[in-house]
Amino acid sequence: MKHRFKVLEEFMEVFKLKWNQLLNQRTNEEIHHHEEHSHEHSGHHSHDHESHHHSHEHSGHHSYNHDSHHHSHEHSRHHSHDHESHHHSHEHSEHHSHDHESHHHSHEHSGYHSHNHDSHHHSHDHCGHCSGHHHHEISWQRWVLAIGMFVLALFLESSVAWIANALFLLTIACIGKEVITEGIMDTIEETKHFKKFRPNVHLLMTLAALGAIFIGKFEEAAMLIVIFTIAHSLEEYVEKKSRKDMTQLLQLQPKLALKKMNHGHFEEVDASSLEIGDIIQVLNGSQISADGIIIEGMSSINQASVTGESIPVEKEVGSEVFAGTLNLTQTLLVKVTKKQQDSVLGKIITLVQEAGQSLTRTGSFLKKWEPVYVTIVLASFPVVLVIGILFLNWDFLTAFYRGMVYLIAVSPCALAASATPVTVAAISTLSRKGIFIKSGASLEKMSEVEAIAFDKTGTLTNGTPKVVAKVMDKDREFELYSILVSMEKKVNHPLAFAIVESGLAYRTYSLSVTPKVGIGLEATYRNHTYRIGKPSSFATLGKYTAIVEQWMNEGKTVVVLSEDHLVVGAVALLDTPKEEAKQVIDYFKEENIQTMLLTGDSIQTAEAIANELEVDEVRANVLPEEKANTLKEWSMKYPTIAMVGDGINDAPALVNAEVGIAMGKGTDVAMESSDIVLMNSQLDSLKTLHKVSKLMMTVTKQNLIFSLFIVIVLVLLNFLGWSDLTLGVVLHEGSTVVVLLHALRLIVTPIE
């Protein structure tokens, strides 16, 4: 036993030496950094520095008093920190207000942060990490050194045990520094912030390793730390893989723009400096720098980065273009209509980043209870010792060893990684398809939807009327429809556009058309007077009465043509359903989800569309504010209800729905009010959204069941005496990696 304590003392001396070297190195870097970059800011900061400075004598050990703040935390936007008795050198790219007094520390705040501080609550990113700790990449040199020492120790273990044990300890010191530091320091910091004991899984691993060393199991202690660190490196790789599509979005944000200056020449400027009204030149093959309107030129634009559409779209003068999209063929002049942060791409980036940090309800539950779970595990450790000694006839060393294995077996690594990485992978997959999620909770709710309500115009339908039927006097159909089309060409109205589009094969006559309020259009051709108007503007419809009434009862809009006050023809127009609308409605019905149509249109029009698409329930003539009330009424029967819309009048309903889904080509108001945005405005995306949300929850549940199963198996094997530290850490960390790789199903599984 004395030998074990002696080796332990040797290990602590080596570890202390390594630790002091690290701190000295870090201090020198901070001093050097302070001299070169003191007070270098890229954001807006207010600093109040006292004029006195304290010099530190660094002898390998430092005492920092951060007033309940850990100096390595990255701080989220818009926070005010009061550090007593410190003087800091900062690099910022966000807005922070700091009040400093005295000492020197280096804080780096960069770009977008994953930490939100609410009443000193540090929200750690659980994605791929057991306890949401700060992970530092381990250099390949350290990996080679650690693995080399470990392998050498294995060869020497049987011949020169004390050298082998020393190498095992050096392996732990070399590669386990982060695990041990985070286990101890993060637990201390979290405990300070929450005013209660907040242990983490790294602490469990640290205690298990130290316990193994204490009883002379040096090889198993080193094996534990090595495998644990390897597993976490794999986790980081999986996390990066699942966030790949999110990080690619950031790279799409345009950096430069060719701006037209006062002297008429174009100069390269920072795209973020562009103001509304600026004129920019977009060369063929280059990225469009800002949202705007084309004022000169026409070209094909690849909008896949914003809408998810793979086929380039033809754009001309007056067409809207988006930042981050690619101009393929011709040079364009574009008038900027939105600043960079307000652009469609800017909003998408913000949306996806926020979603990537959000948690599903399952993830939130796991995150909330993880510290409690770890506390229970630690508290139960002496119980395991007592049970082993009293009931299983273990001696103290055996009981202590089994207790170490128990700490590893019940560690919540795989449980903690069961939900959030899956959510991140799902959000990343959907963003690649032009579907943007504002929170993980919204995606989870989408998998539970019991009913889905659709707005009509622009959502289920194309949003523009089309000629669906026409009837003219016999033997004169071509002549009369040519006259009708020729008259409508003089008018700027959606119905007129539809009639003209349907009459491209007909002749065009040169007519003088006179609009008459309340009556319609009049024109004279070959001494005959022709009039176009709605049915109610004619005294009688003659032989067309029956067909016109039928069309109107079917919800169609009818335009009537008369010659010398006698009706000679009629045309029926309808805002027709989108091609994919029927199959989308059928899909939800197959999933036993109630489908509903909610519109401000007439009951005839609404029922015509509903009958064609076989929608389950219809509510028509509904005002915008009434849409929200109707949803509340429906939610009494179907608690989890989704709403799909695209207009301003849909915003109240989108807010009140459990899941609000906006079509991306709709209004900004609808997009702001929604939980999910379909940038390509394709109804097919709803099927993809629902399938991914269901797969996400399936994978999450499978991960949870698998993780719990491994814990139970490891505990049973341990109490039966069939497990050791090595097997425990291999199975435990292996299960964590399996859970994370399983999350990648959301990325690799083809879902349409």
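The UniProt entry, which is unreviewed, lists residues 143-176, 197-215, 371-392, 404-430 and 704-723 under "transmembrane region"; its positions are given in the numbering used here, and such annotations may be inferred rather than shown by experiment. The structure is a predicted model, in which local features need pLDDT of at least 70 and side-chain atom pairs count only at pLDDT 80 or more, while totals for chains, interfaces and linings use all residues. Residues are numbered from 1 along each chain as its sequence is written, and side-chain values use heavy atoms, with hydrogens and water left out.

Two of the listed stretches can be described in terms of helices (DSSP runs of H or I, at least four residues) and strands (E, at least two), numbered from the N terminus. Residues 143-176 are 85% helix and 0% strand, with end C-alpha atoms 11 Å apart. For residues 197-215 the figures are 74% helix and 0% strand, and here the end C-alpha atoms lie 27 Å apart.

Helix H2 covers residues 140-156. Arg142, Trp143, Ala146, Met149, Phe150 and Ala153 are the buried residues of H2, buried being under 20% relative accessible area, exposed over 50% and partly exposed in between (1.4 Å probe, protein chains only). Because these residues cover an arc of only 140 degrees around the axis, they sit on the same side of H2; the arc is taken from the directions from the helix axis to the C-beta atoms. Trp140, Val144 and Phe155, on the other side of H2, are exposed.

A cavity is a set of points, on a 1 Å grid over the protein atoms alone, where a 1.4 Å probe fits but cannot get out, and lining residues have an atom within 4 Å of a point. Grid points are joined across faces, edges and corners, and a volume is the space filled by probe spheres set on the points. The largest cavity has about 40 Å³ of space. Its lining consists of Ser411, Pro412, Cys413, Ala414, Leu415, Ser707, Ile710, Val711, His732 and Ser735. Helices H12 (413-416), H24 (684-719) and H25 (725-743) each give two or more residues to this lining.

Definitions and conventions
Expected span 1.5 Å × (residues − 1). 1 Å grid on protein atoms, 1.4 Å probe; cavity = no way out; pocket = protein on both sides within 12 Å on 5 of 7 lines; lining within 4 Å.
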